[in-house]
Amino acid sequence: MKDASPQAIYLKDYQAPNYFISHTKLTFELFEDHTIVASELSVTRNTQQQVAPLVLNGHELELLSVAVDGKALNAQQYTTNAEYLTINELPDSFILSIKTRIYPQKNTALEGLYKSSKMFCTQCEAEGFRRITYYLDRPDVMSVFEVKIIADKQKYPVLLSNGNMTASEELPGGRHMTIWQDPHKKPCYLFALVAGDLQFIEDNFKTMSGTDVALRIYVESQNSDKCDYAMDSLKRAMKWDEEVYGREYDLNIFNIVAVDDFNMGAMENKSLNIFNSSCVLANPKTATDAAYQRIEAIVAHEYFHNWSGNRVTCRDWFQLSLKEGFTVFRDACFSADMGSSTVKRIEDATMLRTVQFAEDAGPMAHAILPASFIEISNFYTVTIYEKGAEVVRMIHNLLGAALFRKGSDLYFSRHDGEAVTTNDFVVAMEDASGIDLAQFRNWYHQAGTPKVVVTDRYDEAKQEYQITFNQSCPNTPESSDKAPFHIPVQIGLLCQDGSEVLLQCENSTDFNAETSVISLKQAQQTFVFSGVSSPVVPSLLRGLSAPVKLQYSYSREQLLFLMAFDSDGFNRWDAGQALATDIILELADRVLAEEELALDERLLTVFREILNQSDLDKAMVVKMLTLPSVAFLMEQQKPAHVHALDAAKRFVKNTLASELHGQFRKVYHENCNDGVYRPESGAMAQRTLKNLCLQYLTESGQEQYLTLATTQFNAADNMTDQSAALVAIVNSPFQEAAEAVLNKFYQQWRHEPLVINLWLSIQSSSDYLQGVEACNQLLTHEAFDMKNPNKVRSVIGVFAGQNLKHFHAEGGQGYSWLADRIIELDALNPQIASRLLGPLTKWKRLNVESGQKMKLALEKILGHGNLSKDVYEVVSKSLVV
């Protein structure tokens, strides 16, 4: 390994910094083969701590000089190693001047300052700033920044940093300079710099107090026609944050820059958001509806961070969910308000149950407030983000909207300009509402997904309905001792005629309402509902009111009943998913037993009825007609037999396609629209329904539907319809036609990198992919670049994470292939390499034969030796038996 003995860092060992930096002055001299960084830091000793040396973080820096109060230090007055610069015998306050040389052009890790195409840009979260200069690279050291950038004017006419530009100047030799000042204190992870030959589109926003804010999105010239939707999304987000949270923007300018090479989706640097180009660029011809929705959500997420993350930030990286969980909750509410709240909840729940629940059950399981880590980059996870958001959502639901707003106002006012903890957030909610959240804190400190087993009994004589909940939480790597959680369960009761009972239960909210919330706080707890005049079917965990695994013995008839009558849209969908899951799992057992397969006629009936009802919400129809993914099904089967699950699901889909192709064809044509493309929720739902029907139709294998898909591919005037037709053909039995349209698509869009990423991912996810050999062909294609994270994710990530049939090939070739790619990537970009390891961490969930082959792939990586901390942490934890 690069570090022979990587050491874990523990939350319990946190100590306040020994020094603070009140003012940071940086000068960057950018050249083609190197960059000179000069820093001038106003440093003061923390008098609350014992006297100690100043230890600054640094990584891959060439130190040129160090001076204290203008006096140069000699080599005996400081020490350096691969990670630190240490200076002894310092006064209580002083000016520290450091000059370093760095090489952004060689920086393939894409952390710190690096080159993306012809542009300089930065990514400093979590610990990238130490690749720029020696500094106290920790979030609880907050400083005011002043930044000077000097570069060649012809090559880099645009020079940007945080805050407001206060000066610019022409310099000799064709160079120029800008100075930027950010008046708000911030940790160094929020520092940003961009230098390039860029164009921008501009708009403005007037805040609720009347301040005019200039809004700019910077892109390379060929992308200037792809920024309008991101700009509109930004303005919607700014308005929403004022209306819902009372949060107003606090500078005179807000900049966004699109970058092709980026490890993440986007970064919320104060006033200079840097975005992966895939999360900001869109026009109808080159972006799908899904891309438009992603852009709106991510633009909003990064903007919301201005308060929940920037103005109030994290004390340490263990508190990461303080900013990310809260902000994901905020952006989810924003997206729900912009479209369908029920559909948004379904999408969030699907991801949570498929990905986060699997993470909770795996070797990298950790609490929202983790107790330790080796490499913080490994903890930018669905647990921190999405489960963190679910916990905030539960607080919101327990307090109600008004008290939650009061709590968030108190949190922001109490901690503005501070670096704080998740407990500070919870305390603000308690203080504002008067509600005790002591037991609720278990959600922050305990890893794992709680399991809730439900039994019930109806007493006709007393007209009482009694329901009992038993909660438990499985062992996770950090603990086998789990205290009961505070679990809010939203419940409704349906009578046999489909009407809903007015709930009367002493231990619930909303007495005498059709929906109520009961708080489960004990390992076993029973609730009694009175005034129930007939047997009922419970509608449990409405809206997924808590991120738990619910076990109740619904019959298939009861699930059909809930699909028909439940007033909660989420639970109607959930009943349909439970029905389909039960059927597919039963069929998978029959596949393993080599028995004949037959589809439960009730599923055909349900699909037929949905397709025949033209007045239903189209977005909901799409969700109801979408079968559970194999990734989700893997989490329901122990041990998981991927090929049996895939075969069972494929049988169900083929049967539905063959039996109902007439209905699918009718709905397809009803939703064809020759009008102008609009990225609006209603139009998106219509296109999505049409294209889902097309997938079912081509699945049937009938030539007439290949003709239909080919016609749509050739006539499409937007990427949503063209790529959907391409997907349908590529995943159909018509592989000669698939090769032809793939070639045509590539020739049409070869100069649009984001479209070509889509082209790569469609192939690597194909049902008809010819194994790892086909993936290797994609890796050697002229469109692929191993140094570009988007392209890596489009091929390697999609193949291993989505094409489960081929990744889990019986010979284990997929596992070994992924291991080789991770070893290769680790030398270039450890963050990306580590994030691709997820599929290999599930070896214990597979059947024994497949699991052992996957374990060998992990051992192959570990045996390579020269591993980054990022990859070592995931592999070593995954191999713990």
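**Close-up views of a predicted model**

A126 sits in the loop between strand 11 (119-123) and strand 12 (143-152), with helices (H or I, at least four residues) and strands (E, at least two) taken as DSSP runs numbered from the N terminus. This is a predicted model, in which local features need pLDDT of at least 70 and side-chain atom pairs count only at pLDDT 80 or more, while totals for chains, interfaces and linings use all residues. Residues are numbered from 1 along each chain as its sequence is written, and side-chain values use heavy atoms, leaving out hydrogens and water.

**View 1. Two cis peptide bonds, each in a loop.** The bond joining E125 and A126 is cis, with omega about 5°. P639 belongs to the loop between helix 13 (630-634) and helix 14 (642-659).

**View 2. Positive phi at E60 and D69, neither of them a glycine.** E60 has phi near 55° and lies in the loop between strand 4 (54-57) and strand 5 (62-68). D69 takes a phi of about 50° in the loop between strand 5 and strand 6 (71-72). At 49%, D69 counts as partly exposed.

**View 3. The hairpin of strand 14 and strand 15.** Strand 14 (residues 164-171) and strand 15 (residues 175-186) run antiparallel and pair over 7 bridges; pairing takes at least two DSSP bridges between two strands. L171 has R175, in strand 15, as its bridge partner. The hairpin has 3 residues between the strands, and G173 takes a positive phi near 75°.

**View 4. H301 and its polar partners.** H301 is part of helix 2 (residues 289-304) and is buried, at 8% relative accessible area. Its side chain makes a polar contact with the side chain of D331 at 2.7 Å, and another of 3.1 Å joins the side chains of H301 and H305. (A polar contact is a pair of N or O atoms within 3.5 Å; within protein, one must be able to donate a hydrogen and the other to accept it, and residues adjacent in sequence count only if both atoms are side-chain atoms.) Leaving aside residues up to four places away in sequence, H301 touches E324, T327, V328 and D331, where contact means heavy atoms within 4.5 Å.

**View 5. The largest cavity, about 70 Å³.** A cavity is a set of points on a 1 Å grid over the protein atoms alone where a 1.4 Å probe fits but cannot get out, and lining residues have an atom within 4 Å of a point. Points are joined across faces, edges and corners, and the volume is the space filled by probe spheres set on them. The model has 4 cavities of 30 Å³ or more. Lining residues of the largest include M563, Q577, F607 and M624. Helix 10 (569-592) and helix 11 (601-612) each supply at least two lining residues.

**View 6. The second largest cavity, about 60 Å³.** Among the residues lining this one are S321, F326, V392, F425 and Y444. Helix 3 (320-338), helix 5 (382-399) and helix 7 (422-433) each supply at least two, and helix 3 gives the most, with 3 residues.

Note on methods:
1 Å grid on protein atoms, 1.4 Å probe; cavity = no way out; pocket = protein on both sides within 12 Å on 5 of 7 lines; lining within 4 Å. Buried < 20%, exposed > 50% of the residue type's maximum accessible area, 1.4 Å probe, protein only.
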